[in-house]
Amino acid sequence: MIRAVVIDVDDTLCLTEAVCFELENEVLARIGREPMSRAVHVATWGLPLLEAMPRRSPGLDVSAFAAVHRVVLREYVAAGRVDVVAQENLEALDELAAAGRSVMVLTSRTETEMEHLLAPDHVLAGRLAAAYHAGNMRFSKPDARAFDGLLADTGLRPSECLYVGDSPGDAHAANGAGLRFIACMQSGLRKRADFDAHRVDAFIATFPETVDAVARLEAAGP
């Protein structure tokens with residue numbers, strides 16, 4: 001049985017690349033930096049934010065960026081501009097839970113980037129069995145050891161878990177940890193060929209398709 005469905009946040013549970021590009025350029029403007037191009041943002045999408053930003057803006061003072069990013073992120077969240085989880089995605093989470101599966105998120109985001117999503121009044125409250133992020137993991141994707149804490153905490157075997165993500169880095173981490181992997185293509189940023197070097201157990205066009213894909217994979221066996 002697939003007992004746990006573990007889900008990436010960005011461009012999987014919610015579509016975020018385009019708005020994060022705008023948000024991060026707003027931060028760069030506030031600290032007197034030139035904007036990055038969309039091409040460089042897409043090319044580094046999926047990396048932890050503070051690891052990606054020196055590539056997006058060479059010579060950046062990462063500490064100054066992080067301080068202003070916290071402020072701008074709060075503004076965007078308050079305005080409902082970022083991290084909007086669609087109703088159909090919430091319903092998919094509920095269907096997974098109703099089928100007896102633990103639903104968790106695992107992301108390379110920092111604790112600060114996750115605070116609002118884990119607040120007790122957020123729509124995700126009560127829907128997630130656990131949340132793993134840079135604040136409570138020793139390793140981040142694409143390192144397969146990103147899943148070590150989750151597996152240790154839950155006592156689950158890798159074969160009982162499945163990861164849903166949008167990037168080759170997600171696939172690499174899941175493959176290395178022995179989890180099955182579903183590639184969510186909803187953002188339109190990736191092509192199937194991008195995953196050629198990795199095992200992908202199913203491709204889905206939209207996140208709600210996760211429910212049926214998990215059921216099919218479980219029925220098919222390991």
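Helices (H or I, at least four residues) and strands (E, at least two) are taken here as DSSP runs, numbered from the N terminus. The model is a predicted one, in which local features need pLDDT of at least 70 and side-chain atom pairs count only at pLDDT 80 or more, whereas totals for chains, interfaces and linings use all residues. Residues are numbered from 1 along each chain as its sequence is written, and side-chain values use heavy atoms, with hydrogens and water left out.

Several points of backbone geometry fall in loops. Most residues other than glycine have a negative phi, and most peptide bonds are trans. In the loop between strand S3 (130-132) and helix H7 (148-154), where Pro 142 is placed, the peptide bond from Lys 141 to Pro 142 is cis, with omega near 15°. Asp 11, a residue of the loop between strand S1 (4-7) and helix H1 (17-30), has a positive phi near 60° although it is not glycine. Asp 11 counts as buried at 2% relative accessibility, where buried means under 20% relative accessible area, exposed over 50% and partly exposed in between (1.4 Å probe, protein chains only). A positive phi of about 60° is also found for Asp 83, again not a glycine, in the loop between helix H4 (62-78) and helix H5 (87-98); Asp 83 is buried, with a relative accessible area of 6%.

Helix H5 also takes part in a helix pair. The axes of H5 and helix H9 (residues 210-220) come within 9 Å and cross at roughly 30°, the axes being lines fitted to C-alpha atoms, for helices over the stretch in contact, with angles that run from 0 to 180 degrees between N-to-C directions. H5 is therefore roughly parallel to H9, given that angles under 35 degrees count as roughly parallel, over 145 as roughly antiparallel, 65 to 115 as roughly perpendicular and the rest as oblique. Ala 92, Glu 95 and Leu 96 of H5 make the contact with Thr 210, Val 211 and Val 214 of H9, contact meaning heavy atoms within 4.5 Å.

In helix H8 (residues 168-177), the buried residues are Pro 168, Asp 170, Ala 171, Ala 173, Ala 174 and Ala 177, and these pack against strand S4 (161-165) and strand S5 (180-184). Gly 178, with a positive phi near 85°, follows H8.

His 69 is placed in helix H4 and counts as buried at 7% relative accessibility. With its neighbours within four places in sequence left aside, His 69 is in contact with Leu 23, Val 27, Leu 49 and Glu 113.

Glu 113 is also among the residues that lie nearest the centre of the largest cavity, together with Asp 10, Trp 45, Leu 47 and Arg 109, in a lining of 24 residues. A cavity is a set of points, on a 1 Å grid over the protein atoms alone, where a 1.4 Å probe fits but cannot get out, and lining residues have an atom within 4 Å of a point. Grid points are joined across faces, edges and corners, and a volume is the space filled by probe spheres set on the points. The search of the whole structure finds one cavity of 30 Å³ or more, and about 290 Å³ of space lies in the largest cavity. The elements that give two or more residues to its lining are H1, helix H3 (49-56) and H4, with H1 giving the most, three residues.

Key: 1 Å grid on protein atoms, 1.4 Å probe; cavity = no way out; pocket = protein on both sides within 12 Å on 5 of 7 lines; lining within 4 Å.
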